[in-house]
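Open the model in your viewer and get ready to pick out side chains.

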Amino acid sequence: MITLTRLDHTRFAVNPDLIERVHESPDTTLHMVDGRVYNVEESLDELIDRIVAYRARVLAAASALSAPSES
């Protein structure tokens, strides 16, 4: 999950795997696969950075789980 900020300054978390597309003109608008739409304060570039960081954390966690344990 990534944490974002709505235009009314409330924070919420969203699963980035469920984002279908994102527009920035001027507000950043997320269109989800279920049809929901969210307007957020974060820029498109900031959103992409958060998604990349989220995916890196997922890969790191998966790698740590599959690494042989030291006895």
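This is a predicted model: local features need pLDDT of at least 70, side-chain atom pairs count only at pLDDT 80 or more; totals for chains, interfaces and linings use all residues.

Glu46 and Arg50 form a salt bridge, with the closest N and O atoms 3.1 Å apart. Both residues sit in helix α1 (residues 44-66). They are 4 residues apart, about one turn of the helix. Why can such side chains pair? Side chains of opposite charge can do so when their charged atoms come close.

Next, select Glu42. Its side chain meets that of Arg50 in a salt bridge too, at 3.5 Å from N to O.

Is Glu42 buried or exposed? Glu42 counts as buried because its relative accessibility is 5%, and buried means under 20%. Arg50, at 28%, counts as partly exposed.

Move on to Arg21 and Glu20. Their side chains meet in a salt bridge, 3.4 Å from N to O. Arg21 has 38% relative accessibility, so it counts as partly exposed. How many salt bridges are there in the model? The count comes to 5.

Last stop: select Glu24, Asp27, Asp45 and Asp49. Together they gather in a patch of negative charge on the surface. Zoom in on Glu24, which lies in strand β3 (residues 19-24). Glu24 counts as partly exposed, at 41% relative accessibility.

Methods: Residues are numbered from 1 along each chain as its sequence is written. Side-chain values use heavy atoms; hydrogens and water are left out. Patches are made of residues with over 30% relative accessible area and no salt bridge: like charges are joined within 9 Å, nonpolar side chains (Val, Leu, Ile, Met, Phe, Trp, Tyr) within 5 Å. Accessible areas come from the Shrake-Rupley method with a 1.4 Å probe; for residues, only the protein chains shown count as cover. A salt bridge is a side-chain nitrogen of Lys or Arg within 4 Å of a carboxyl oxygen of Asp or Glu. Lys and Arg count as positive and Asp and Glu as negative; His and the chain ends are not counted. The place of a charge is taken as NZ of Lys, CZ of Arg, CG of Asp or CD of Glu. Helices (H or I, at least four residues) and strands (E, at least two) are DSSP runs, numbered from the N terminus. Buried means under 20% relative accessible area, exposed over 50%, partly exposed in between (1.4 Å probe, protein chains only).
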